[in-house]
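Thanks for passing this one along. Here are my notes, written to be read with the structure open beside them.

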Amino acid sequence: MRQLQKVSPQHAAKRGQAASLLLAALLLLALLISGKSSNGAGWREQWLLSALRLNTSRHGAPAAPTARPDAGGSGLALAQEKQGVEVDVIVVVEDQQAQAADARQQLQDARAGSQPKAATPADAPRPQDRQQRCAVYNGALFHSDVAAGMAWAFQEAGCNVSTYLHKDTHGMQPVMEPWFRGQHRSHTQLLGDAAQYDVIVLVTFPEHRFATQLSLLLGQHRPPPHQRLLLVTHNPDRMLCGCEVGPQEWLLDLLAEQVVHWGPAAGGGAATGAAPGAPAAGRGEGPPAAGAAAVLSPSIQFLTLAPCASDFTAAMLETWAAARRAGSISGSGGGGGGGQQPRAVVPWLAPVMPWSRSAGGLGHAAATPDTLQHLCIQGSINPHRRDYAGAFAAALHPAVLAQLRARNESLLLVGSYRGADLGIPKALQRYVRILSDLSFQDYYRTLSQCRAVLTAFSSDVYITKKASSTLAAALQVGTPVLTEDSVLAGYSYLSQGAAYSYTRPATSGPAPNPVALGAEAGAAVAALSKQEWHGLRVRCKKEGGRRHLLEGALAAASGGLASAPSSKPAGGGAAEGRHADAAPAPGSYAAALLAAFDDAANQAAHAAAWQLKEQVMQHNVRAARLLMSPSS
């Protein structure tokens with residue numbers, strides 16, 4: 001220890017002030033110089049911010065600065081200085097690297113302290129002190145309906161919502177106009193505005209063009225500590241192994257830290273819309289580029305559009321995290337030992353919003369026999385996406401054909417069509433009609449007048465890991481669905497009264513279990529070797545990040561069960577007696593089609609579908625409130 005000279009208190013105070021000011025000036029000069037090479041996002045700026053926040057004990061804590069997208073670390077310090085904050089450096093250590101490590105931990109601790117505990121459905125707070133701000137972002141050419149559904153749910157939950165969408169929404173903005181109270185902005189403007197939002201919903205995660213989402217995950221917009229990113233996943237296994245996300249280990253580390261939480265073993269599944277878990281305090285490390293530096297990352301929460309997809313995603317993340325932790329128990333993230341189990345909470349919101357058959361209306365017109373006609377299949381008109389062969393086989397039953405003929409109705413295919421050969425049987429050709437490339441208002445109006453919307457799934461992916469647009473569209477317009485019974489189990493919010501169901505054909509095998517398949521997918525990704533990861537990176541770069549690369553990687557690791565659930569057999573198992581006076585077999589596809597021609601029962605099914613929509617919309621608002629609660 002140094003031997004201190006005895007000096008007068010006045011002299012000691014003056015000398016201490018001079019030393020503090022000199023040291024502060026030297027530190028500020030060094031930070032300003034070093035900041036030029038780190039794009040204003042280096043650890044040194046964060047260290048200065050930490051010093052400003054933590055070393056003012058004798059003068060009271062300063063107000064938290066308002067982060068701006070264009071504000072660098074030094075600019076932030078000068079802004080605080082202009083606000084009258086006296087910088088008092090009271091800790092001096094000899095090793096600058098130790099200072100950086102300490103400041104990094106202080107930032108993590110400060111953030112951890114700012115995160116409230118997870119809310120439960122009983123005590124989830126509503127926004128009270130101020131109205132929160134939410135951004136709904138979608139840079140893709142599709143999923144405009146999902147963006148609108150998210151905007152409505154968060155608006156009704158109390159958020160001031162702005163949308164950042166691609167310029168081509170296929171006519172969705174006029175559909176939103178009667179109820180949307182926020183602003184529509186271009187998706188290219190989000191990064192400049194992102195720091196002002198409490199919640200940012202990324203409607204399509206991961207997007208093929210990943211730059212904006214990557215910047216948000218890196219925290220390059222300098223998010224406030226409470227900001228949450230809500231990632232809507234449509235292909236959950238791509239989050240771990242896709243060409244956008246998977247080859248980037250730093251992003252996998254971020255997901256492991258903030259999406260999966262560790263605690264005592266508890267009941268699995270996350271399809272109930274329960275309160276999302278409190279995000280773990282952590283920092284996302286940027287890509288390992290020279291001069292790159294990490295900044296404070298926003299908290300992250302996944303959500304899906306259907307209960308079965310949430311079950312799959314939660315099981316996949318939990319199994320992947322457990323296998324990953326077991327393989328590197330000394331890695332970062334902490335926890336995981338002592339009997340603790342990984343827990344991923346993945347809520348679901350079905351993308352629905354107010355709509356009526358009359359443009360500009362918010363209610364719904366009562367269904368009447370005169371307005372209900374046709375059996376409909378919606379979505380991309382492509383035999384690889386829909387099981388048209390099974391629908392055609394069921395519609396060829398003489399009793400169904402007789403109804404189509406007597407009522408002059410059709411099997412209506414509604415969606416984008418690029419001329420694919422659908423293999424329409426000759427006896428059915430006069431009854432099959434195609435309506436292609438409608439605006440959303442015309443598309444919804446057409447589906448609302450259908451007797452039923454057939455799901456016609458071509459594979460089991462839509463009852464395991466992917467949410468079906470058919471279920472959302474039918475729910476949106478209050479039209480009952482016509483589907484096999486396994487779909488009712490996968491979409492647990494569906495009711496028997498709002499559906500025409502038929503028995504899953506024995507030729508399709510037993511209905512798959514989303515939880516088991518999700519766990520298998522997670523284990524398969526965790527088992528990929530370094531050589532396989534390297535091969536995936538090379539293929540992603542060579543092939544431009546096509547989706548099939550992921551499917552191939554998972555198929556190789558898991559035998560294809562998780563990555564490619566079984567396809568439907570041609571014909572959909574609808575082989576039945578073809579005598580003109582024979583009724584379809586009970587529980588068959590054809591029997592469900594025939595039941596939709598009972599006018600009175602069909603009106604009741606439409607009424608039940610509208611009631612179901614109202615219930616799901618209430619669920620969406622509750623889920624949105626819970627997703628907002630950690631930042632309130």
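1. A word on the basis. This is a predicted model, in which local features need pLDDT of at least 70 and side-chain atom pairs count only at pLDDT 80 or more, while totals for chains, interfaces and linings use all residues. Residues are numbered from 1 along each chain as its sequence is written, and side-chain values use heavy atoms, with hydrogens and water left out.

2. The sheet. Have a look at the open sheet of six strands, which follow the order β11-β10-β9-β12-β13-β14 with parallel pairing. Strands here are DSSP runs of E with at least two residues, and helices are runs of H or I with at least four, numbered from the N terminus; two strands pair if DSSP finds at least two bridges between them.

3. Its edges. β11 (432–436) and β14 (499–502) each have a single partner strand, so one side of each is left without a neighbour in the sheet. From one strand to the next, the twist averages 30°; axes are lines fitted to C-alpha atoms, for helices over the stretch in contact, and angles run from 0 to 180 degrees between N-to-C directions.

4. Strand β13 (residues 481–484) runs parallel to β14 and is joined to it by four bridges. If you want a spot to check, V481 has A499 of β14 as its bridge partner.

5. The helix across the sheet. Helix α14 (residues 440–448) lies across β9 (375–378), β10 (411–415), β11 and β12 (452–454), with contact meaning heavy atoms within 4.5 Å. Relative to β10, α14 runs at about 155°.

6. First cysteine pair. The structure holds two disulfides, each being a pair of cysteine sulfur atoms within 2.5 Å. In the C134 and C159 disulfide, the sulfur atoms are 1.9 Å apart, and the S-S torsion is about 95°, so this disulfide is right-handed. C134 sits in strand β1 (residues 133–138) and C159 in the loop between α5 (144–156) and β2 (160–165), so the pair ties together parts 25 residues apart in sequence. Both C134 and C159 are buried (under 20% relative accessible area; exposed is over 50%, partly exposed in between, with a 1.4 Å probe and protein chains only).

7. C376 belongs to strand β9, and C450 to the loop between α14 and β12, so the pair links parts that are 74 residues apart in sequence. C376 and C450 are both buried.
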